[in-house]
Amino acid sequence: MKKAFTLAEVLITLGIIGIVAALTIPTLIQNYRLKVLKTRYLQTYAILSEAVIKTRIELGENLLKNCYRNGAKYYPFSEKFQETFLKNCNYLEKTAKDYTITNYNNTKSYSTAEYRITPSVDYPNPLYLLKNGSSVNVTITSGEIKIFTDINGPSSGPNQLGYDIFMFLVENDLLALGKMYKKYTSEEDLEDVRYPYIAGLPCTKDSPQILNGIGCSWYATNDKNPDDETQKYWDSLKL
C-alpha cells in the first residue's frame with residue numbers, strides 16, 4: 001500500500017497555513033511600508049540639507065537675518081531665498097491639486113486649500129514637486145524660515161504629520177530639526193495659549209492639536225519615540 005495524506009489532513013494543513021499568513025502578512029506589509037517611509041525621509045532630509053547649504057553659498061551667510069532686515073520681513077530677499085532654495089531642491093513644478101493632511105494621532109485634519117496664504121502660514125502645504133517624488137514649500141514668518149515637506153508627495157499616503165509630512169527650520173544657515181518642547185494633552189490646557197494649534201511644536205499621541213506632528217522631525221531623524229524615547233520612532237508608527 002502507498003502512504004499518502006488524506007484530503008482532511010491536506011485541508012487542515014492549508015487552513016493552518018492560511019491562518020498564519022493572515023496573521024503575519026499584514027505585519028510584514030506594515031513593516032515594509034514603514035521602512036520605505038524611513039528611507040524616503042532620510043533621502044529627502046539629505047536633499048533639503050544640501051539645498052540649504054547651496055542656497056547659503058549662492059546668497060551669502062545670515063539667511064534668516066537677511067530675510068528680516070530692520071526687524072521686519074524683507075520681501076525681495078525672502079522671495080530670492082525661496083526661489084533659490086526650490087531650484088537647489090531640483091524643483092519641478094507646483095501641483096495644482098490641493099489635498100487633505102491629517103495630524104499625528106489621526107484625530108484632526110485640514111485641506112491645504114484652506115491654509116495656503118498668510119496668516120495661516122504655520123500649516124504645512126508642501127505643493128512644490130521635486131524630482132525624487134517628494135514635495136516641499138517654504139514659509140518665512142514670525143522671524144523663522146520654515147520648510148515643509150511631504151516625503152512621498154501629495155499623491156501618496158498617508159499624508160499625515162509625523163508620518164510622511166514634516167517641518168524643518170533654517171537656523172545658523174543650516175537645516176534644523178523641529179522638536180516638541182512642551183506637551184499639551186487637553187483642550188483645557190490650550191485655552192489661554194497663543195497659537196494653540198501649534199503651541200509646543202506637538203509630536204505625541206496625546207495631543208488634541210490640529211498640527212500635532214509638526215515637531216516630529218527631531219524624533220524621526222534620531223529614531224526615538226516621542227512618548228517613550230527607549231522605543232524606536234519608525235517602528236512605533238501605525239499604518
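Buried means under 20% relative accessible area, exposed means over 50%, and partly exposed is in between, with a 1.4 Å probe and protein chains only. At 1% relative accessibility, Gly153 therefore counts as buried.

Before I go on, a word on the source. This is a predicted model, in which local features need pLDDT of at least 70 and side-chain atom pairs count only at pLDDT 80 or more, while totals for chains, interfaces and linings use all residues. Residues are numbered from 1 along each chain as its sequence is written, and side-chain values use heavy atoms, with hydrogens and water left out.

Back to Gly153. Gly153 sits in the loop between S6 and S7; strands here are DSSP runs of E, at least two residues, and helices are runs of H or I, at least four, numbered from the N terminus. Its C-alpha is 7.1 Å from that of Leu129, 24 residues away along the chain. Contact means heavy atoms within 4.5 Å. Setting aside neighbours within four places in sequence, Gly153 contacts Gly133, Ser134, Ser135 and Asn159.

That brings us to Asn159. Where is Asn159 placed? In the loop between strand S6 (144-150) and strand S7 (165-171). Asn159 counts as buried because its relative accessibility is 12%. Its side chain reaches the backbone oxygen of Pro154 at 3.3 Å. Residues up to four places away aside, Asn159 touches several others, including Tyr99, Thr100, Asp150 and Asp164.

Last, helix H3. H3 covers residues 75-88, and its 14 residues reach 20 Å from first C-alpha to last. That is close to the expected 20 Å, which is 1.5 Å times one less than the number of residues. Buried residues in H3 include Phe77, Phe81 and Phe85. After H3 comes Asn90, with a positive phi near 65°.

Notes:
A polar contact is a pair of N or O atoms within 3.5 Å; within protein, one must be able to donate a hydrogen and the other to accept it, and residues adjacent in sequence count only if both atoms are side-chain atoms.
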